[in-house]
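Dear colleague,

I am handing over the structure that we spoke about, and I would ask you to keep it open beside this message while you read. Below it I have set out, step by step, what was found.

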Amino acid sequence: MKELIDPFQRKIEYLRVSVTDKCNYRCGYCMPEQGVHPEGNHTEYLSFDELTRVIKAFTELGVKKVRLTGGEPLVRKGLADFAANLSALPGLVDIALSTNAHHLDKHAAALAPSVNRVNISIDSLNANKFNHITRGGDLVKVMAGIDAALAHGMKPVKLNMVVMKGTNDNEIEAMVDFGIQKGVEVRFIETMPIGPAGVSMMDQHYPADKILKRVREHVGSDLIPSSSRTHDGPARNYLIAGTDAKIGVISAVSQHFCETCNRVRLTARGFLALCLGQEDGVDLRAPLRAGVTDEELRQVIIDAIAKKPERHFFNENVHNIEFRQMVSLGG
Ligand code: SAM
Ligand code: SF4
């Protein structure tokens with residue numbers, strides 16, 4: 001079988017698919033207050049059939065893992081059926097979901113047979129603060145979503161908290177306790193200079209090493225490194241010594257992880273983005289709609305991977321990367 005190897009000898013095995021750039025929440029670091037393209041014509045978006053065709057082509061080129069993300073993937077109707085169809089693709093061993101969990105209690109039962117891993121964003125355990133950070137989010141719904149995912153056996157369920165200095169950094173310890181109580185891993189994410197606030201996000205940046213120090217002091221034991229290259233990607237994961245609880249940190253800024261990058265991203269409009277922090281990419285929608293054969297589609301993808309950049313430059317601030325929209329790229 002053909003494989004996708006980029007110019008820096010990295011094997012591409014992981015595709016993140018943003019199924020929509022729309023979202024029912026408006027987290028300040030991610031989404032403009034007015035949302036994105038409210039007037040957007042739905043034909044701009046790849047249909048589920050088109051997305052399936054692209055994902056199938058990737059699996060024929062060695063991609064084994066797909067993450068469905070957004071925007072908020074659960075605002076797109078028919079996601080569970082789409083995921084079920086994907087699970088029939090030979091070679092695709094892992095389907096994951098990133099969600100704000102607002103609608104997860106309704107959909108967990110239908111998703112559970114095909115979606116194995118779920119990452120849920122939760123930046124605060126305080127209902128008012130949560131509502132403020134997400135500009136309208138409902139913590140009660142998110143809690144119901146977390147419980148539904150666990151009740152339906154989705155595994156692992158991970159909680160992602162973007163740590164913002166002066167906003168929610170006082171909740172690091174509470175989030176560790178919450179994760180232990182629920183039996184789920186909590187991952188602390190450094191803010192990235194991306195999205196509507198761009199580089200000004202860095203005013204709220206809280207470095208991963210400080211987070212780890214606080215976690216260590218709080219639990220009063222060592223943190224034993226326990227990352228799995230296959231599933232953890234940029235996350236550095238730790239087992240809390242003497243327990244079976246895990247925590248992780250994702251530090252795209254203070255420590256870039258580009259040398260082991262094994263992923264590319266497909267936007268809902270069919271743009272294949274080759275790096276989270278660079279503009280490089282190719283449009284797959286035009287060839288798809290021009291009637292390419294399966295073989296030609298695979299070749300378009302192979303040619304695209306040959307252009308994957310070596311790394312991003314978040315921590316050097318040399319590029320203006322405010323244009324990047326996390327809602328399009330799916331995190
Ligand atoms: N709506 C889903 C959610 O919130 O999990 C999936 C899409 S969201 C774009 C994926 C992840 O990107 C979330 O964990 C979110 O917190 C993270 N994210 C978005 N903008 C970010 C930024 N500027 N810095 C760090 N993380 C960001
Ligand atoms: Fe929506 Fe997720 Fe972005 Fe928040 S982080 S605005 S929930 S897409």
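For what follows, Ala, Val, Leu, Ile, Met, Phe, Trp, Tyr, Cys and Pro count as nonpolar, Asp, Glu, Lys and Arg as charged, and the others, Gly among them, as polar. Please also bear in mind that this is a predicted model.

With those classes in hand, the shell around ligand 2 divides into six nonpolar residues, two polar and no charged. Eight residues surround this ligand, and the closest are Cys23, Cys27, Cys30, Gly71 and Asn100.

Turning to the helices, α3 (residues 104-111) packs with α5 (residues 139-151) at an angle of about 15 degrees, their axes being 8 Å apart. Because angles under 35 degrees count as roughly parallel, α3 is roughly parallel to α5, and α3 passes α5 in a right-handed crossing. On the α3 side the contact is made by Leu104, Asp105 and Ala108, while α5 contributes Lys141, Ala144, Gly145, Ala148 and Ala149; these residues divide into five nonpolar, one polar and two charged.

Finally, there is an open sheet of 12 strands with mixed pairing, in the order β7-β8-β9-β6-β5-β4-β3-β2-β1-β10-β11-β12. At its edges stand β7 (223-225) and β12 (281-283), each with a single partner strand, so one side of each is left without a neighbour in the sheet. On average, and with direction ignored, neighbouring strands of this sheet are turned by 25 degrees against each other. Within the sheet, β1 (residues 14-18) pairs with β2 (residues 65-69) in the parallel sense over five bridges, and leucine 68 in β2 is the bridge partner of valine 17.

Notes: Residues are numbered from 1 along each chain as its sequence is written. Chains are lettered from A and ligands numbered from 1 in the order in which they are written. This is a predicted model: local features need pLDDT of at least 70, side-chain atom pairs count only at pLDDT 80 or more; totals for chains, interfaces and linings use all residues. Side-chain values use heavy atoms; hydrogens and water are left out. A residue is near a molecule or strand if one of its heavy atoms lies within 4 Å of it. Axes are lines fitted to C-alpha atoms, for helices over the stretch in contact, and angles run from 0 to 180 degrees between N-to-C directions. Helices (H or I, at least four residues) and strands (E, at least two) are DSSP runs, numbered from the N terminus. Angles under 35 degrees count as roughly parallel, over 145 as roughly antiparallel, 65 to 115 as roughly perpendicular and the rest as oblique. A crossing is left-handed if the near helix is turned anticlockwise from the far one by less than a right angle, and right-handed if clockwise. Contact means heavy atoms within 4.5 Å. Two strands pair if DSSP finds at least two bridges between them.
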